[in-house]
Amino acid sequence: MKNIRKFQLGQNGPLVSKLGLGCMRMSSIWGSATPDETESIATIHEALDSGINFLNTGDFYGAGHNEMLIGKAIKGQRDDAFISVKFGAIFHNGQWIGLDLRPIAIKNFINYSLTRLGIETIDLYQPSRMDNSVPVEDIIGTVADLVKEGKVRHIGVSEITSDQLRRANAIHQISALEIGYSLADRQIERDLLPTAKELGIGIVAFANTAEGLLTADLKSPLAKDDYRNHFSRFQCGNLEKNLKKVEVLKQLASDKGYSPTQIAIAWVKEQGDQIMPLVSMSRRSRLPENIAAIDIEFTSEEMNTLNHTFEIGAILGGTYLQR
């Protein structure tokens, strides 16, 4: 068993692994085929055996399939897993149709999640993003009531503004902020990240490779059926210019003897003791490479090269998909 470094997730929060396992890709999402369930469960088992205890899901991943899969995987190993669940996103026939963060809906969602997961308490429960039609105070207040009932241990948030984060934390201590963060997506450094640090809130950072841009495997133009064509970052013109920036990452990775993906993950990890890279995986074969990224260190010159090359605004276009 590899002893992956642990850190405290938020002020007075729990100890969790410095690398998190995103489970979204283990279920059919937005009409995609369902991955091999046996391999997905084996991936969770190997992750737990390797010291990764943070498992991230959403009650809308695969219309509940993801939670049921995790429930199967952790049976008999509940104490080894820290389970993070997002709620509130509404899908129909694989299409996003909105949010429902009314208190009555949240009280309904939690019970379905507990049943699908086969557990009594969710370790971290968080709205997938904020709905302006429902006050932040009502949303977080409802989850705080679930903490009192013993159905939730810690409260998190995702896709939130700095002002909303302050309002949420004023109602109940927020342990974690789940947000997209990478060399290509550094906008949170302007306001949201400093606010989280000030309030003692941990960062669960997804999309570390910016939907594959930072893997250095992409070529321009993308295939016509590639979902990334919907985002301006990957459209012709922008993609070609962005890939020139990625060449710097590719060369630095080669010089250090790692893959660009590993360097991208390691850079996120190096941005603060309170930050956890959240990496989506559905195959065991990816675990060793991603785990090794947590031990990568940079010289000041290497970090300066990355920060200068990928300064805020250097990568053209957006965006990322939520995990």
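Guide: A patch is made of residues with over 30% relative accessible area and no salt bridge, where like charges are joined within 9 Å and nonpolar side chains (Val, Leu, Ile, Met, Phe, Trp, Tyr) within 5 Å. A salt bridge is a side-chain nitrogen of Lys or Arg within 4 Å of a carboxyl oxygen of Asp or Glu. This is a predicted model, in which local features need pLDDT of at least 70, side-chain atom pairs count only at pLDDT 80 or more, and totals for chains, interfaces and linings use all residues. Residues are numbered from 1 along each chain as its sequence is written, and side-chain values use heavy atoms, leaving out hydrogens and water.

Visitor: Which residues gather in a patch of negative charge on the surface?

Guide: The patch brings together E46, D49, D79 and D80. Of these, D49 belongs to helix α1, residues 37-49, and is partly exposed at 42% relative accessibility (buried means under 20%, exposed over 50%, partly exposed in between, with a 1.4 Å probe and protein chains only).

Visitor: How many aromatic pairs does the structure hold?

Guide: Rings of Phe, Tyr and Trp (its six-membered ring) pair if their centres lie within 6.5 Å, and planes under 30 degrees apart count as stacked, over 60 as edge-to-face and the rest as tilted. There are 7 aromatic pairs here, including the stacked pair of F60 and F91, with 5.8 Å from centre to centre and 15 degrees between the planes. F60 lies in the loop between β4 (54-58) and α2 (65-74) and F91 in strand β6 (residues 89-92), so this pair ties together parts that are 31 residues apart in sequence.

Visitor: Are F60 and F91 buried or partly exposed?

Guide: F60 is buried at 13% relative accessible area, whereas F91 is partly exposed at 26%.

Notes. Areas by Shrake-Rupley, 256 points an atom, 1.4 Å probe, with all protein chains shown as cover. Lys, Arg positive; Asp, Glu negative; His and termini not counted. Charge placed at Lys NZ, Arg CZ, Asp CG, Glu CD. Helix = DSSP H or I, 4+ residues; strand = E, 2+ residues; numbered from the N terminus.
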